[in-house]
Amino acid sequence: MLIGFDLKELIKKAEKEGKKVPREIFDVGIAYWLLNPAEEEYTPENLTRKYLGKEFDGSNTAFDDLYNFAVKKLGEYKLEKLFYEVEMPLLGVLADMELAGIKVDAKLLKALDKDLEKNISDLVKIIYQESGETFNINSPKQLSHVLFEKLKIDSSGIRKTKSGSISTDVETLLDIKDRHPVVQYILNYREFFKLHSTYVLPIQELIGKDGRVHTTYIQTGTATGRLSSQNPNLQNIPAFTESPAGKPEISKPIGEDWAFRLRKAFVAEPGYKLAAFDYSQIELRVLASLSGDPKMMEAFNNNLDIHKMTAANVFNVPLEKVTPEMRKIAKTLNFGVIYGMGALAFAETSGLSVEQAKKFIEEYFSDFKNIKEWQEEIKAQARDLGYVSNINGRRRWMPAAVSTSRQEAAGSERAAINMPVQGLAADIIKMAMVKIAEEIDKKNLTDKIRPILTIHDELLFEIKGDIMKEATQLISGIMEGVYELEVPIKVNVKTGKNWGEMTTIVN
DNA sequence: CGCATACGCGCC
DNA sequence: AAACGGCGCGTTTGCG
């Protein structure tokens, strides 16, 4: 067995040199992450200090001690299955995905950047003109000064940041948009500058000699079991919003959608297409399954629109009487429940009064009683045991659940409620990734089907055109069947020549 | 000068 | 003030 730290790097190196790696591997850092996913760093030095109470000296014995302790604890916490059957096999899959990377059309990015820069410089001029001085628009402090002191825009009812200056975030700017013409220009400037500085510029610099960008997946990067992605983070590339299903096109002209232009620059190699598989409502399905809530399970079992069903329940109207506005509130409620949202936050995001918000939350929990009960159980577990765990034993320590600070305890409760849901969804997609990679191997399809991205509930593949249909059926079949919930798991599939222009396909 | 922090914002 | 879970990263600012 290969035992060590950062085995993903080792595997990548070995694969580049055409060498084989043993099938049995044990990444010590990842083992400790399973024991406690909230450590700062999973280095031998840190772990030795914290878990063995001594200094790490780099000796073989020191490594052995770390390994032995981890093995013992994985057993004690019943984490072996997750470790040996999910996280360790996943290591090789992630290594391959990182090596593969995703092809980027540098010309498209360059053209996009040129247009962005033009817009930015035009907007800077206008903003300086409108505000009567030149200043650093990127500085919230300076911007706040210009808006609320120089231009004396009415700031009543606008929140302040914790350092005391008046906030200039999007929400605030939208609130005061009608009070001065400069505000809309600043909103536009922010959008363009963000796209330029966070995405288009850095991604161009990260294009390798192979014309592809290679992210790094951090397997120990979250407290819930998810992966994170860095250098570049390909899990937060702007997404353009499509018009609602069944509705006529009401979105802005597609050619002017900047996120769309950015996504179009992520392309498939000639002869290949991209295929995106996303789990439909995976977290709500998980919640329905874990809580055993009959109404929510029935909705998924009958393949209903879950937000519409929720709306019908909280508004006490038949399904056909649910308006888009009602559905929108229900959708916010559904997501809010996963996140432990309170009445204040719900009021804020939905535009309802706090009174109304409270009413809706009460109504929600009386309609979906099992969800409330399940959440109470999880909160009790966090307080009594000091940790919460998901159904596969994935564990997150919750020392703050018994904090005397109300705020800390409340924050801890929200995290506790969320973890078993987000964590099981993460397990499911990880299991699917492992199984898909095994099948690709078994069927000798490694040159024709390449997994390239994973974005929490979505997998992106590069697939040879001639086997597209078999491939999408194989992949979606595995994703839907890899884990059994109390409700069906559903996957949506889209394909296209690039990441922007993808069309839904029906298998 | 490098570094940590605040602020802001992109995604699921 | 903050107020819904999980992330990574850009720029600015203040500090040593």
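What share of the atoms of DNA strand B within 4 Å of the protein belongs to sugar or phosphate, and what share to bases? I looked this up: 80% belong to sugar or phosphate, the rest to bases.

**Conventions.** I note that this is a predicted model, in which local features need pLDDT of at least 70 and side-chain atom pairs count only at pLDDT 80 or more, while totals for chains, interfaces and linings use all residues. Residues are numbered from 1 along each chain as its sequence is written, chains are lettered from A and ligands numbered from 1 in the order in which they are written, and side-chain values use heavy atoms, without hydrogens and water.

I found 20 residues near DNA strand B (near: a heavy atom within 4 Å). S163, V170, K194, A239 and D457 are the closest. I then listed polar contacts (pairs of N or O atoms within 3.5 Å). The side chain of T161 places a polar atom 2.8 Å from a phosphate oxygen of DNA strand B. For R226, a polar side-chain atom is 2.9 Å from a base oxygen of DNA strand B. I455 uses a backbone N or O atom, 3.4 Å from a sugar or linking oxygen of DNA strand B.

I counted 33 residues around DNA strand C, and N136, S139, A345, R396 and R414 come nearest. Of the DNA strand C atoms within 4 Å of the protein, 78% are sugar or phosphate. A side-chain N or O atom of R396 is 2.7 Å from a phosphate oxygen of DNA strand C. For R414, the distance from a polar side-chain atom to a phosphate oxygen of DNA strand C is 2.6 Å.

Technical notes:
A polar contact is a pair of N or O atoms within 3.5 Å; within protein, one must be able to donate a hydrogen and the other to accept it, and residues adjacent in sequence count only if both atoms are side-chain atoms.
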